[in-house]
Amino acid sequence: IDNINTIVRPEDSLIIPGDVVITRRGFEAFDRILCKNITIVMGNHCCERDGITFRDWVGRVKYLVSSRDISLKKEPAVITHIPIFFAEHDRWKYNIHGHTHEISLEDKRYLNVSCEVLGYKPITKQQLEEMIL
């Protein structure tokens, strides 16, 4: 949370690709994020325990989605929690994802932004675009 608050300004947009809060206790930390324009791309653990439901996110985030389309260097990209199977999706050139922790796929179309890969620090869109050079 300290890394987020140091890098992300309150007026910025913050997109988190899932597995943010696993238990209700996690909301104590999450609620300390100063940015209020937050999008959560739901992960497989986001509503896993303690009876957490989508209602628990109301007022905490701006958007709660299953995926988010963006553009990287004018190319279509999608942010998901789990990497998508590209043979079924010809709409995107890149897939920004979490879920795999420190394991990155050996395919330039996949950009692993798991906190373990990023040193638990959020990155900017510009830094994301530099990953695809």
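**A walk through the model**

Let me begin with Asp-19, which is partly exposed, with a relative accessible area of 21%. The cut-off for buried is under 20%, so Asp-19 does not count as buried at 21%. One thing to say before going further: this is a predicted model. Asp-19 sits in the loop between β1 and α2. Its phi is near 50°, a positive value in a residue other than glycine. As background, most residues other than glycine have a negative phi. Tyr-120 also has a positive phi, near 60°, and is likewise not a glycine. Tyr-120 belongs to the loop between β7 and α3, and at 52% relative accessibility it counts as exposed. The threshold for exposed is over 50%, so Tyr-120 passes it at 52%.

The largest pocket has a volume of about 1200 Å³. Its lining is made of 41 residues, and those closest to the centre are Leu-14, Ile-15, Ile-16, Pro-17 and Val-113. Which elements give two or more residues to that lining? They are α1 (2–7), β1 (13–16), α2 (26–30), β4 (68–72) and α3 (125–130). The largest share comes from β1, with 4 residues. By residue class, the lining divides into 24 nonpolar, 11 polar and 6 charged.

Now the nonpolar cores. The largest has 16 residues, and those with the most contacts inside it are Leu-14, Phe-30, Ile-33, Ile-38, Ile-40 and Trp-57. The elements β1, α2 and β2 each supply at least two residues of this core. Apart from it lies another core, of 10 residues, including Ile-96, Leu-111, Leu-128 and Ile-132. In general terms, nonpolar side chains in soluble globular proteins tend to be buried together. For Ile-38, leaving out residues up to four places away in sequence, the contacts are Leu-14, Ile-16, Phe-30, Ile-33, Arg-60, Val-61, Lys-62 and Tyr-63.

Let me stay on strand β2, residues 37–41, where Asn-37 is found. The side chain of Asn-37 makes a polar contact of 2.5 Å with the side chain of Ser-13. Beyond four places in sequence, Asn-37 touches Asp-12, Ser-13, Leu-14 and Lys-62. Thr-39 lies in strand β2 as well. Is Thr-39 buried or exposed? It is buried, because its relative accessible area is 3% and the limit is under 20%. Its side chain makes a polar contact with the side chain of Arg-68, at 3.0 Å. Again not counting residues up to four places away, Thr-39 touches Leu-14, Ile-15, Ile-16, Tyr-63, Val-65 and Arg-68.

Val-58 lies in the loop between β2 and β3 (63–65). Val-58 is exposed, with a relative accessible area of 67%. From Val-58 to Leu-133, 75 residues along the chain, the C-alpha separation is 37 Å.

Asn-112 is buried, with a relative accessible area of 4%. What does the side chain of Asn-112 reach at 3.1 Å? The backbone oxygen of Ile-103. A second polar contact, of 3.3 Å, joins the side chains of Asn-112 and Ser-104. The contacts of Asn-112 beyond four places in sequence are His-97, Gly-98, Thr-100, His-101, Glu-102, Ile-103, Ser-104, Val-117 and Met-131. Asn-112 and Pro-17 are 95 residues apart along the chain, and their C-alpha atoms are separated by 10.0 Å. Pro-17, as I said, is one of the residues closest to the centre of the largest pocket.

That leaves Met-131, in the segment after α3. Met-131 counts as partly exposed, at 36% relative accessibility. Leaving aside neighbours within four places in sequence, Met-131 is in contact with Leu-111, Asn-112 and Ile-123. Met-131 and Leu-111 are 20 residues apart in sequence, with 7.6 Å between their C-alpha atoms. Leu-111 is also among the residues of the core of 10.

That is the end of the tour, and I am happy to go back to any region.

Key:
Residues numbered from 1 in each chain as written. Predicted model: local features only at pLDDT ≥ 70, side-chain atom pairs only at ≥ 80, totals over all residues. Heavy atoms only, no water. 1 Å grid on protein atoms, 1.4 Å probe; cavity = no way out; pocket = protein on both sides within 12 Å on 5 of 7 lines; lining within 4 Å. Points joined across faces, edges and corners; volume = space filled by probe spheres on them. Nonpolar A, V, L, I, M, F, W, Y, C, P; charged D, E, K, R; others polar. Polar contact = N/O pair within 3.5 Å; in protein donor to acceptor, adjacent residues only side chain to side chain. Contact = heavy atoms within 4.5 Å. Core = buried A, V, L, I, M, F, W, Y, C linked by side-chain atoms within 4.5 Å. Buried < 20%, exposed > 50% of the residue type's maximum accessible area, 1.4 Å probe, protein only.
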